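I opened this notebook to keep track of what I looked up in one protein chain. My plan is to go from the whole chain to single residues, writing down each answer as I find it.

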Amino acid sequence: SKLRIQHALSDGKQFDGRSFRYDPRLVLRPDGTPLYDMIFDASEERRQVVEQSLPALRGRIRVVGDLRADALLRLEAKRASIRAAWGHAADDRVVVLCSTWGAGSLIEQIGPALVEEARRLGATTNFRFVLSVHPDSWRDPRHRAWLHRVDALRGVRVLPAGEAWPAAFVAADALISDHTSLLAMYALLRK
């Protein structure tokens, strides 16, 4: 049996101008038969839409929810302790700067200017900033060096490579982000 587990809640990813999630070239063989015996997805609505547009996938998509979303919502009960552990006062306004990777990412487009403005605001207001970047950004030597410099400057907490973003999202009062698929996860918190 061949199983496909979808990435993220949203459909924002694109592959060659088409939806990354259900592009026929990614889920069907050239003869139109399904590549996968079963596909896990988070949404009943999406299952219905896909089965209507790609009838060959009927009966193969199983709606299983999203374990990451469930864990994020459970973590919400620990908001005060997360903020306290990170040194944030009750009246601090925590803003997460969240970036995916690649040429169109937040850190590529406006990263240095955004971080400098965050540092300036953090020094004169009760705004506190946390920078969360895609793991691939840490693998890029240029980005890794910049992230270490930002972290050493004070004023913006840089989440280390591998540190989970859920705690930052729960602690946050607001999010500034690019097109990362994590936007849908933050939206679940209804902030």
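**Entry 1: the whole chain**

I note before anything else that this is a predicted model, and I keep that in mind for every entry. I looked up the secondary structure and found 10 helices and nine strands in the chain. I then looked up the extent of the chain, and its C-alpha atoms fill a box of roughly 60 × 35 × 25 Å along the principal axes.

**Entry 2: helix α6**

Next I checked the length of helix α6, which covers residues 111-124. At 1.5 Å a residue its 14 residues should span 20 Å, and because the end C-alpha atoms are 20 Å apart, the expectation and the model agree. Which residues of α6 are buried? I found Gly111, Leu114, Val115, Ala118 and Gly122. Seen down the axis of α6, these buried residues fall within an arc of 95°, so they line one face of the helix. On the other side of α6 I found Pro112, Ala113, Ala123 and Thr124 exposed. I then asked what the buried residues of α6 pack against, and the list has β6, α5, β7, α8, β8 and β9.

Ser105 sits in the loop between β6 (93-99) and α5 (106-109). Its relative accessibility is 0%, so Ser105 counts as buried, the cut-off being under 20%. Setting aside residues up to four places away in sequence, Ser105 touches Ser99, Thr100, Asp178 and His179.

Tyr22 also belongs to a loop, the one between β3 (18-19) and α1 (24-27), and Tyr22 counts as buried because its relative accessibility is 8%. Beyond its neighbours within four places in sequence, I found Tyr22 in contact with several residues, among them Gln6, Asp41, Arg46 and Ile61. I also looked up the separation of Tyr22 and Ser53, which are 31 residues apart along the chain, and their C-alpha atoms are 9.8 Å apart.

Apart from neighbours within four places in sequence, its contacts include His88, Asp92, Arg93, Ala171 and Asp173.

**Entry 3: two positive phi angles**

I looked at backbone angles last, with one general point in mind: most residues other than glycine have a negative phi. Arg154, which is not a glycine, has a positive phi of about 75°. Arg154 lies in the loop between α8 and β8, and at 68% relative accessibility it counts as exposed, because the cut-off for that is over 50%. For Arg190 I found a phi near 55°, again a positive value in a residue other than glycine. Arg190 belongs to the segment after α10 (182-187), and its relative accessibility of 77% is why I list Arg190 as exposed.

Technical notes. Residues are numbered from 1 along each chain as its sequence is written. This is a predicted model: local features need pLDDT of at least 70, side-chain atom pairs count only at pLDDT 80 or more; totals for chains, interfaces and linings use all residues. Side-chain values use heavy atoms; hydrogens and water are left out. Helices (H or I, at least four residues) and strands (E, at least two) are DSSP runs, numbered from the N terminus. Buried means under 20% relative accessible area, exposed over 50%, partly exposed in between (1.4 Å probe, protein chains only). Contact means heavy atoms within 4.5 Å. The expected span of a helix is 1.5 Å times one less than its number of residues. The arc is that of the directions from the helix axis to the C-beta atoms.
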